[in-house]
Amino acid sequence: MAEDEVERSEGFGERLLGLLLDRERLIPPRLIAPLVAEEVAKVGGRDVSILLQDYAQELLVPLPGKGLHVGRPEPMDGSPASRAFLRVEVIEVPQDRGGIRVYLPLLGGSDGVGVMALTLDSVGDDDRRLLCRLANLVADMLVTKNAYTDQFFLARRREPMSVSAEIQWGLLPPLTMSVPQIEVAGILEPAYHAAGDSFDYALNNDILHVAVIDAMGHDLDAAAMATVAIGAYRHARRVFISLTEKYTFMDDAISRQFGPDHFVTAQLMHVNIATGALELVNAGHPAPLLIRGGRVVRQLESATTLPIGFNGEAPQLKEHTLRRGDRVLCYTDGIIEEHLANGELFSEERLIRCIDRLGKEPSDGLRADLRRLSHTLKAERGGRTSDDATLFMIEWRGEAADHLTELG
């Protein structure tokens, strides 16, 4: 393409994105899809689909809307849309009737929202740049407008959801976060009937703050306790510094609100993303697993600490040092205490064998690997998840963000 044609193309793309951004500010959520389809048509695109990840992370489901191509849900395994979503890359598929189907990951920050798919007669480098920018803008629109509507929730929900699960999904942070030095991903099961499990995290300067909890009981009682525990954790995180103070603050909140017969098990961590130093408080929870080179090398042990709510003494911190590429897997007891068909417990040994087996396969990235582990574990348990079963994984990369230093 000639230089003047490139400049005109880029100028048109900037105007298109600018017009879309100007119109997005006041547009109601139900008109996002028609607006996107209208703007894509201006660059020769057709059959636009917006696919959102369902809550069980099994399907990418089409968002309905005027002007959108609404087909069948795409399976999360083996489809072009799933490859774009899980690998966070643009996938192009030539069509039998001519044209190229382009699948673009929709990322809200670094959290996967879904995929935008459209068909073009041909695709060049300028088209790819424009479409990637358009996909980023569409993802931001979906994340922003999600706070004002139930439309996206209803598209993602594939079966009835309990009240406790509604509470828990409203409590969770984004399921994934990725920066050059560290990445996290979490999965909550059963997606439509979760109650007492939850997790939370925040990256404040060089410290990643993590909490994984399991409130005793089931249904609304457990959801209410988890809500108080996470609320107290967030408050303590924003006021105090040490993990021991966080534990004490959460313990006081749970004991005051629910009395001496209720408790919450928890793992609280600080990870220094610059050095890999990890501080751990384990309050009655299964010990996290350290995964190195695709294999579990050991548990991350810590001093014995009573569950939150029992007015235990201030816990002792346990310090560990991560190597580049190390992964830390936190999980709740619903993973290992599920009974198999023969009556045996699933057990930590089976969990470790499963991790080691999957670790021999090529990695598709933390988010995809955790999802594969979750679904493999569920299959090994015979499809049963009678108790909450949560997985939360951290990968420390230790990569310097040199290209971001000027922003610091």
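Which side chain does arginine 350 meet in a salt bridge? I looked it up and found glutamate 344, at 2.9 Å, N to O. I count a salt bridge when a side-chain nitrogen of Lys or Arg lies within 4 Å of a carboxyl oxygen of Asp or Glu.

Ground rules next. The model is predicted, so I take local features only at pLDDT of at least 70 and side-chain atom pairs only at pLDDT 80 or more, while totals for chains, interfaces and linings use all residues. Residues are numbered from 1 along each chain as its sequence is written, and side-chain values use heavy atoms, with hydrogens and water left out.

I then checked exposure (buried is under 20% relative accessible area, exposed over 50%, partly exposed in between; 1.4 Å probe, protein chains only). Arginine 350 is partly exposed at 22%. Glutamate 344 is partly exposed too, at 39%.

I moved on to arginine 327. Its side chain meets that of aspartate 369 in a salt bridge of 3.0 Å, N to O. The pair links distant parts of the chain, strand E16 and helix H11, 42 residues apart. Helices (H or I, at least four residues) and strands (E, at least two) are DSSP runs, numbered from the N terminus. Both arginine 327 and aspartate 369 are buried.

Arginine 372 came next. I found its salt bridge to glutamate 361 at 3.2 Å, N to O. Here helix H11 is linked to the loop between H10 and H11. Arginine 372 is partly exposed at 21%, and glutamate 361 at 37%.

Last, I traced the network of salt bridges: Glu183, Arg327, Glu361, Asp369, Arg372, Glu395 and Arg397 are linked in it. The structure holds 20 salt bridges.
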